[in-house]
Amino acid sequence: MKALVRQCSVMTATALLVACASQRDGNKEEEVRNQSPGPAAANVRVPTIEEAVAADAATRAIASPAAPELRMVRIAQKAAFAPPYYQLPPVNTERYEHNNDNPVHLVAEQPVSTFSIDVDTGAYANVRRFLNDGQLPPQDAVRVEEMISYFDYQYAPPSTRETPFKVTTELAHAPWSKDAWLLKVGIKGYEVSNSERPPANLVFLIDVSGSMQSPDKLPLLKNAFRLLTDQLSARDRVSMVVYAGSSGVVLEPTPGNQKHKILQALDRLEAGGSTNGAEGIERAYQLAKEGHIDRGINRVVLATDGDFNVGTVDFESLVDMAERQRASDVALTTLGFGTGNYNDKLLERLADAGNGNYSYVDSLSEARKVLVSELSSTLFTIAKDVKIQVEFNPAEVLEYRLIGYENRMLAREDFNNDKVDAGEIGAGHRITALYEVVPAGAQGRIDPLRYGSTGQSSQAGKGEIANVRLRYKLPDGETSQLLEYPIARTSLVSAEKASTDLRFAASVAAFGQLLRGGKYMEQYGYPAVAALAKTSLGEDREGYRREFVSLVTLAQSLTPQESDEKVGQIGR
């Protein structure tokens with residue numbers, strides 16, 4: 001019986017200590033919960049200090065020899081409540097940048113749309129992770145343009161390398177609106193095999209902090225870098241920097257054919273400690289500049305969950321650091337891993353600021369896609385500061401809306417300003433942009449002005465709905481070059497006659513918009529998205545399009561009260 005009393009006292013004292021710690025950190029816990037997009041621990045209550053003290057006093061009182069044994073057993077049972085009360089489940093602190101959907105614009109008021117291209121694909125893999133885990137993703141995790149550009153499209157590559165990419169346009173009726181059209185602008189970079197790409201000076205910058213211990217973080221990361229190492233040759237150089245509380249070089253520049261040495265360095269990595277990401281980034285850039293290869297690939301590959309908590313942790317300061325370093329001709333690729341504390345907002349912005357690209361790795365299959373199948377696209381930049389500007393003809397078009405690219409919008413005057421940074425295209429990259437266009441004379445989403453003018457087109461633009469313009473620089477150039485593509489109204493086709501690629505891209509665009517709330521989707525729902533995707537699978541050698549159809553079905557099952565009537569139509 002005395003042993004039982006001692007056990008009760010120990011358990012109660014433990015509850016008291018945890019309660020004190022929880023009271024001390026309560027404000028911080030509440031702040032983290034409020035930031036979390038995931039499920040909060042709403043049903044778990046930490047005992048107050050007063051409750052823990054009262055429980056401890058009750059246990060001491062029954063330790064008296066005069067206390068009835070039955071009462072002691074009852075209090076001992078009550079003491080067993082302590083572990084569930086103080087064992088909080090992990091708090092979800094994932095961070096995503098908030099962006100409102102691009103609005104509808106009246107062509108008579110704002111005929112020009114300007115934005116930077118985006119080759120990132122991280123949002124799609126991250127959305128897939130959420131759905132496969134049985135959750136709808138936070139709306140801010142869904143960047144529609146990254147979902148569309150995740151897939152391969154049969155865009156024709158350029159015939160020569162004098163122009164590093166080729167532009168394809170297409171116009172068809174939109175599947176979700178009887179009054180709207182879809183204008184597609186597709187870009188395909190020239191392709192380079194792994195044997196043809198320039199030599200690479202790569203610095204692997206790897207997060208080995210304590211937050212990287214779970215299987216979907218450091219263990220997956222190491223396997224991903226093993227796949228990348230297999231693609232390297234004697235002309236490549238690999239260095240490795242790790243960071244936790246501080247950073248350090250664990251592999252000096254090593255020829256890519258010394259794979260055993262590189263793999264040994266990877267095998268030695270273990271997770272532990274806090275995360276000083278800023279120090280690691282600075283050290284990695286220093287190493288990359290020391291090993292710089294003229295006319296080669298010079299790139300830092302950062303792999304992390306983004307949970308920086310010591311050193312420079314301010315978001316804008318980290319982005320500013322990446323912006324300053326891009327002048328050194330060293331690009332930055334970011335690879336995101338893990339769940340729970342994942343910082344998508346930081347990794348996406350770091351890659352953008354560092355003239356690189358961003359991917360989220362949710363599986364070894366995704367690692368193979370990014371670091372093997374698309375290695376040249378990931379590492380080898382063929383055009384930089386690529387901007388798109390579309391001018392709509394007010395005589396032919398009433399309204400337009402750019403789907404996605406919310407955090408890539410540029411001012412109209414930025415298009416001709418070569419000092420304004422924009423996106424980069426890698427070898428073989430394909431980029432797709434979609435506009436929803438409402439023609440003149442149709443019913444738009446915005447009421448016309450009582451005293452406004454519908455505008456007039458010039459004779460030069462007669463029969464054209466828009467003029468697509470692109471600016472880009474060669475990797476070693478500082479002056480941009482201009483390309484123009486007028487879009488004739490006569491190119492319009494019905495939804496059924498649109499290309500397989502446009503139909504599939506439209507299904508992905510609709511899916512992404514539904515996940516973001518479906519503000520402009522009218523009655524078009526998940527069943528219609530799946531039906532449209534199934535009619536446009538194409539060759540699908542890797543099975544990514546079929547997997548997409550499965551994800552649409554998952555999203556439908558996870559969406560509360562999905563209306564059976566919201567099925568939409570595939571087009572007219």
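Colleague: Happy to dig in! What should I keep in mind about the model itself?

Modeller: This is a predicted model, where local features need pLDDT of at least 70 and side-chain atom pairs count only at pLDDT 80 or more, while totals for chains, interfaces and linings use all residues. Residues are numbered from 1 along each chain as its sequence is written, and side-chain values use heavy atoms, with hydrogens and water left out.

Colleague: Let's start with the aromatics. Why is the pair of F115 and Y405 called tilted?

Modeller: Rings of Phe, Tyr and Trp (its six-membered ring) pair if their centres lie within 6.5 Å; planes under 30 degrees apart are stacked, over 60 edge-to-face, and the rest tilted. F115 and Y405 are 4.7 Å centre to centre with 50° between the planes, so they pair, and the angle falls in the tilted class. By this rule there are 19 aromatic pairs.

Colleague: What makes that pair a tie between parts of the chain?

Modeller: F115 lies in strand 2 (residues 112-116) and Y405 in the loop between strand 12 (397-403) and strand 13 (423-426), so the pair ties together parts that are 290 residues apart in sequence. Helices (H or I, at least four residues) and strands (E, at least two) are DSSP runs, numbered from the N terminus.

Colleague: How do you know whether F115 and Y405 are buried or exposed?

Modeller: Buried means under 20% relative accessible area, exposed over 50%, and partly exposed in between (1.4 Å probe, protein chains only). F115 has 0% and Y405 has 1%, so both count as buried.

Colleague: Which residues form an aromatic cluster?

Modeller: One cluster is made of Y124, Y150, F151, F504, F511, Y526, Y544 and F548.

Colleague: How do you know that the charged end of R545 sits over the ring of F504?

Modeller: The rule asks for NZ of Lys or CZ of Arg within 6 Å of the ring centre and within 35 degrees of the ring normal. The charged end of R545 is 4.4 Å from the centre of the F504 ring and sits over it. R129 does likewise with F130, at 4.2 Å from the ring centre.

Colleague: What makes E396 and R489 a polar contact?

Modeller: A polar contact is a pair of N or O atoms within 3.5 Å; within protein, one must be able to donate a hydrogen and the other to accept it, and residues adjacent in sequence count only if both atoms are side-chain atoms. The side chains of E396 and R489 meet at 3.0 Å, so the distance passes. E396 is found in the loop between strand 11 and strand 12, and at 15% relative accessibility it counts as buried.

Colleague: And why is T559 called buried?

Modeller: T559 has 19% relative accessibility, so it counts as buried. It lies in the segment after helix 17, and its side chain reaches the backbone oxygen of A555 at 2.6 Å.

Colleague: Why is A440 called partly exposed?

Modeller: Its relative accessibility is 35%, so A440 falls in the in-between class. A440 is found in the loop between strand 14 (430-439) and strand 15 (464-473). The C-alpha atoms of A440 and L398 are separated by 4.5 Å, although these residues are 42 apart along the chain.

Colleague: How do the lining residues of the largest pocket divide by class?

Modeller: There are 14 nonpolar, five polar and 16 charged residues. Ala, Val, Leu, Ile, Met, Phe, Trp, Tyr, Cys and Pro count as nonpolar, Asp, Glu, Lys and Arg as charged, and the others, Gly among them, as polar.
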